[in-house]
Every structure is written in structure tokens, then in C-alpha cells.
Amino acid sequence: MQAEDMESSMESPNLEFEYGDTDTLTAELSELYSYTEEPEFALNRDYFEEDFRSHARGRRWTELVVEEQKTYVMRLLDALEVTDRDKRLKVARAILYLAQGVFDECDTEVDVLHWSRHNVFLLYDMGIFTALLELLSMEIDNNQACSSAVRKPAISLADSTELRVLLSIMYLMVETIRVQTEDDRPEWRAAREAFKNELGSPLYNGEPFALLLFTMVTKFCSMNAPHFPMKKVLLLLWKTILFTLGGFEELQDMKVRGRERLNLPPLPEDSIKVVRAMRAASPPASAMELIEQQQQQKRGRRSRRPLVKQDSLDTYNERDPFKNDDARDEEEDPEDTDSGIEGEVDPLDRDVIIQPPPPPPPLRPPTERVNFPKGLPWAPKVREKDIEHFLETSRNKFIGFTLGNDTETLVGLPRPIHESVKTLKQHKYVSIAEVQIKREDELQQCPLTLGEEDVEETPTEMLYLGMLPSLSQYVIALLKLLLAAAPTSKAKTDSINILADVLPEEMPITVLQSMKLGIDVNRHKEIIVKAISALLLLLLKHFKLNHIYQFEIVSQHLVFANCIPLILKFFNQNIMSYISAKNSICVLDFPHCVVHEMPELTAESLEAGDNNQFCWRNLFSCINLLRILNKLTKWKHSRTMMLVVFKSAPILKRALKVKQAMMQLYVLKLLKIQTKYLGRQWRKSNMKTMSAIYQKVRHRLNDDWAYGNDIDARPWDFQAEECALRESIEKFNSRRYDKSKNGDFTPVDNCLQSVLGQRVELPEDFHYSYEMWLEREVFSQPIQWEGLLQNP
């Protein structure tokens, strides 16, 4: 049995996971509701039907023509403005029932989604979103609800009823309108564009809608409003940013257009397509697997399985048809056989195995193999800085002096160096960030000559401008929530309670109810991690494309708020069990639960969960967190050293056990940047990982990631690097956004009349205390007029 377990762990199946902006629409809608909220579906229906019966005289909502539906929605809109709080809540529940797709009149889940889509566009057309926004602002500023929630020892669903209803309608509107379908009507497409512009513009109190939600997050984390339903807020915030700024496909298009505007050469490849075409590598063997393998070798039972070349090493080596997989295995360095590499055999026994073996069965159908690229997946890249460094070293060696940043003059250098420089220049890649940094330096040096910068008012720019004053608070609040929701976090008395919108008023009394609540709480935490990881990644990617220094300030706030150790702590768990977690009850998921008869729940049905091979949201969260970690550490020596100091290599190596190509790629990237600092012994005993890095991660020509030759030349001064970066960021923000501050080059007005003639804004109550001000500031101040006559 033990041998079977080991074999199954080595041969874990590839996960058929397709990464995207979001999961399916049904899954995204079902995650809005916790299982504890399930009785409220019937409540929404009852309030709607109670009001609708008097209006429709026996007819159903689906039987009305559009004009009649609009008339009824107008009636609901008027009723939203009544002063009675309970009546307002009943009307809001009726609107929520419409947004949920009048499920009582539908027979299938498809019908529910169809009517939900129809009703949401109708509600938007009638101006419901603006009315909801005013109600949401009132609820946020409701000090009475906040103070009573702060005093309560235990907060439950009942404390956030109004907020949950409002946020649910808004989420359904944003998510439904955001998703495009082929059969959308022209007026719906126009409505989508209008809604997108509306959400991204500073129309709500002079700031984008996302900032109101960020304010809710910070208010919740400062313990001033513990009753806020944080999961719904975070989901709505993520979807609002995704809708207004754009997802990963739009980002790629924006990047292509940005490079065209700057007259830069096109991207060497579409990274999304390359990653989708990759195949997962077999995970490195664990210590127990290696011991078992060695024992089998000693007994003389050499199985064929370990000798079949693992995926990581055969994906791109199809050029040479005469070199079979096993022969390549045997050509590895003999000294590596002792260092714990899976798939190796004793050198003395090699002659036994060199017979041509039968070809191993293909892991996938041959038709799929054709689509994979030959050779390495990524085109190599070289930075201008790398060429300068290479020429500086070469000139010092052959001529004895350097020429600064000159990359053209090759006089006195031998022919091979000429060839090397030519190859480096062929693969030179100039990023948008490098152009932006260069332009910023020019604007700092010549403010008068170059004049004011023309900044395009994009949704990203407007969001950054709104977030800038409280950026650090937003980042810290999101990381606090991420820490509270992480499965590795221990419950502490001082940690924030993120379960306010999942715990029922009456705690469970039976084992079955406890099991259901346990699943609900775990699912709730997973959804929060998913929303925060996707939100942070989107912000980093959009800010980086908009301006590199906007990205750098968010990155620095994340690093200073301990984001790097937090993500490593998240991965310091059994990641395979996290990804295959079954924290869902299919029969309770919306819209299934409102269409079908509810079967009786048993302990067995709760434990069974779904039949999926993996949990989509957890794998999505893991990939997002790895991508965030990559963005924070890329080209930052001091932050890379933090990965080494926090002993991230074994944690990341365990994450390679997940057989999903995209996740493995980002783990390998993180291992690559720190390989040179892990020592020769680590590299020697992890040659399979090194090979996977070589094959899956982009090559930077003349980057000695695998050898570690320049370690002594690079002192680690975290503070100096971060301070230099902070100085550049502050200069950028001051130049671009600090309009109130008079710069060094602002002309000085020396004319007495014009200075005295300027209107000065005085506070309203100034004339009441004018005499006191004169006495304090003028008459009682001794003025040494003789000082003007003396020489300085």
C-alpha cells in the first residue's frame, strides 16, 4: 500500500484548469451567497409577490410586456425613497428578487440566468443603481448601526441585512452587465459601455465607485464597522475594478497598443497563449519516494516507470528523433545519481538498460502534441543595461578602460565579442517601464524646457489619483483580511472577525448543522482569498502599464506591510489538499437551490462534496498570489534576498507537486531568481528543478542564475535600495499630482498692489474673532524695524 501511495503521488494527474479573469458566471453568482443565507431567497420572493400581486392582477412577471415591467420598476424606485426603514428593506428585497431572475417562474437554471440578465439591464435602464448607491452611502454613514455592532459580543447575519441586500443587487448588476454574450442586443451593448464609463469616472461624490468600497474595507478593518459584510464588499470591489479597468486579455491588448504609441518593436510572443500551451512537469520526488526507489534498485527490481522521462524534460526536446527519452536520462552527470534525483539509476547498471525500450504510451492524444512549440517556449530577452555591463567587462579585460554607456564602439575588441554583442542586440527588449523612467528623469531635469506633461485621463489614472492619499491604509486593510482568511492563520483574539456575514443568529445544535456551517465558513474564507488575490494582481498590472512609479508605490506598500512573508506563510501548508478541497455543497449553490427540490442533507452527502478534480477558486488564488510575489521581487535584489532569508525554496518546491503548468511556471520563476544564493549543494540535489527552470522560464542572455558567480559583488542593502526607490516615487507624485505646492520655478509676484489686491479665502467665523486675531498676531508681536536698516 505504501508503494502504491508513493506511485500515485508521483503520477498525480494533470489538472485540466484554464486560467481566466473569473470562473463561470454560474459559479461567480453562487459564491456571492453563503449557505446560511439560503432561507432569504424565499423571503425575497414573498415580498416581491406580495407587492406585485396588487399591481399585476393575477399575471406573472414573465408574461408582462417591457413597458409594463418598466412601469412596475418605476413604482419600486419611488417606494425606495420612503423614510420607513423596514418598508425600504422590503422594496429592496423585491428588487433583489428581480435581479436574481424571478426564479419561482422558471423551470431550469438557464431560464433563471436568462431572466436575471433581462431584469438587470432593465433595472440599470431605469436608474436603480444610482438609487442603490445613495442608500448604500446612508448605510455606511449609519453611526447608530456601527456603534451597536461595536458593542455586540457576537455579530451575525442579522446585523448586516440591509447592506447585504444592497450589495447583492449591485454585485448582480455589475457582474451580469460585465459579462458579454453573443446574443446581446445593441442597446445592451451600449448600456454596458455607459455603465463601465460611469463606474470608472469620478461621478460619485467626485470619486470612482471603487473608492467608496475601499473606504468600507478600511472602516471595517479599523474595527469601526464590524458588521460590514466583507465578502460581498470585496467581491463587488474586485468585479468593479475588473469591469472598469479590464481583465488580462484587455491588458495584453493595451500593452500592444502602448508599445505601438511609443514606437517600440512588437512583443516577441503573446504570453497568455504561450502559458496555455504549456504542459505541467512531474513534481520532484519526496525523500520517502527516493528511499523506496533506492531499496527497489538494491533488490534488483528495477521498474520501468522511473525511467520514463518526465513531462518537464520532454516537452520541447522533440527536435532530435534519434535520441530517445531514456538515453537522455542516462547522459546526465553521474555525480547527480547520489543527490536524490528521481528517475536515475545506478551507473553500474546502465548497460542493462541501454536496450531500445518500447516507446512509452503518450500522456495525451497525439493530435494535442502537434500544437506545442518546438524548442524553448519563450524568446530570450536582453536589457540595454545587460549589453552595457557585458561591454564594460569586455573593455576592462581587453583594452583596460571603459567608455561609459556607449554600446556602439567595438574598437579593439576581438571578433567573438563582436558576435556576442550582435546576438545580444538581436534579442534586446525595451519595456514600456524603461521608457517611462527615462521620460520621468528628463521631466525632472528640464521642467521648464519640456513643460507640463500631458496625462491621459484613463480609468486607471483616475483610480490612482483617488487612492493616492490613503493608499497605504487600503493596502494594509486588504492584507489584514488576507491574513485573517488564510487557512494557515491561527485564530487570535485581536484578529478581525471576517465571519460577520456567514454566522447565523442561532448557532447550530446538531452535528449536521455544524458540518454545514464548517463547510460554509471554509468556503467563505476561500472566496475572500480569491477576491483579494485577484484584486491586488489587477491593481499591480494596471498601475504598471499606466506608469511604472504607480506600480512601484503599491509594491512598496505591500512589501512594507509584510506581503512577502504573508504569501509564503499561505503556501506553507499542504497545498495539494488546499487545491483539492471540497468546501462546497452543490445542492445549496445558486441557482440550483432555487429551481430544484431540496434533497435531505446527510453527513455523507456533505462530506462527498462535488466530483471535481480540483477547486477552481483555490487554484486561481494560488496562481494569483504567486504572480503577485513575482511582481514584487522581479529585478529587486533586496526583495529577492528576502525570499532567501525567509527560506522560501522548500515551500515553493512543495508547490511544484501541483501538476498545473501555469502554477509551476510562476513557482519556477521564483526559484530561478534565488537559485544562485542557495548554494552549489542545493543546485546539485535539485537538478530536475533546474532543468524545469531551463525549459519553462524565459532566458535572459548572460544571466548566470544557475552558477552564482556575482554573489560577493552584490551587497544586500535593503534600506538603501528601498529609500532610493521611494525618493523617485515621491518626486514623481510631487511633480505630477501636487498642484497646490509652488515649485522652485514658479514666478514670484513682486508688485505690492497685485499682492494686496488678491482675494484671500477666510473662514466664515473669521470676522467674529477678527479683533482677537489682530491683537494676537499684529499688536502683541514686537517688530524690530531697525533690523531692516542693518546689513545682513
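Is Tyr-549 buried or exposed? Tyr-549 is buried, with a relative accessible area of 7%; here buried means under 20% relative accessible area, exposed over 50% and partly exposed in between, using a 1.4 Å probe and protein chains only. The legends below walk through this and other close-ups of a predicted model, in which local features need pLDDT of at least 70, side-chain atom pairs count only at pLDDT 80 or more, and totals for chains, interfaces and linings use all residues. Residues are numbered from 1 along each chain as its sequence is written, and side-chain values use heavy atoms, with hydrogens and water left out.

**View 1. The whole protein has 40 helices and zero strands.** Helices (H or I, at least four residues) and strands (E, at least two) are DSSP runs, numbered from the N terminus. The protein has 792 residues, and 50% of them count as buried. Among contacts with a separation of 6 or more, 79% join residues 24 or more positions apart; a contact means heavy atoms within 4.5 Å.

**View 2. Tyr-549 and Phe-732 form a tilted aromatic pair.** A pair of aromatic rings is described by the distance of the centres and the angle of the planes. Rings of Phe, Tyr and Trp (its six-membered ring) pair if their centres lie within 6.5 Å; planes under 30 degrees apart count as stacked, over 60 as edge-to-face and the rest as tilted. For Tyr-549 and Phe-732 the values are 5.7 Å centre to centre and 45 degrees between the planes. Tyr-549 belongs to helix α27 (residues 548-560) and Phe-732 to helix α38 (residues 718-737), so the pair ties together parts that are 183 residues apart in sequence. Phe-732 is buried too, at a relative accessible area of 0%.

**View 3. Phe-129 and Phe-209 meet edge-to-face.** The model holds 32 aromatic pairs in total. In this one the ring centres are 5.5 Å apart and the planes stand at 75 degrees, so the pair of Phe-129 and Phe-209 is edge-to-face. Phe-129 comes from helix α7 (residues 128-140) and Phe-209 from helix α11 (residues 209-221), 80 residues apart. Both Phe-129 and Phe-209 are buried.

**View 4. Trp-61 belongs to an aromatic cluster and to the largest nonpolar core.** A nonpolar core is a set of buried Ala, Val, Leu, Ile, Met, Phe, Trp, Tyr and Cys residues joined through side-chain atoms within 4.5 Å. The largest has 190 residues, and Trp-61, Phe-209, Leu-481, Phe-571 and Met-663 have the most contacts inside it. Helix α26 (residues 511-546) gives the most to this core, with 16 residues. Apart from it lies another core, of nine residues, including Val-382, Phe-390, Leu-391 and Leu-413. Beyond four places in sequence, the contacts of Trp-61 include Gln-69, Val-73, Trp-115 and Leu-122.

**View 5. Two charged side chains lie over aromatic rings.** A charge sits over a ring if NZ of Lys or CZ of Arg is within 6 Å of the ring centre and within 35 degrees of the ring normal. The charged end of Lys-381 is 3.7 Å from the ring centre of Tyr-429. Arg-383 covers the face of Trp-635, at 3.6 Å from the ring centre.

**View 6. Arg-617 is buried in this model.** This arginine, Arg-617, is part of helix α32 (residues 616-633) and has 8% relative accessibility. The side chain of Arg-617 reaches the backbone oxygen of Asn-583 at 3.1 Å. Leaving aside neighbours within four places in sequence, the contacts of Arg-617 include Glu-31, Glu-526 and Ser-584.

**View 7. Leu-629 is another residue of helix α32.** Leu-629 is buried, at 0% relative accessibility. Leu-629 and Pro-565 are 64 residues apart in sequence, with their C-alpha atoms 9.8 Å apart. Beyond four places in sequence, Leu-629 is in contact with Ile-564, Ile-567, Leu-568, Leu-643 and Leu-670.

View 8. The model has zero disulfides, a disulfide being a pair of cysteine sulfur atoms within 2.5 Å.

Notes
Polar contact = N/O pair within 3.5 Å; in protein donor to acceptor, adjacent residues only side chain to side chain.
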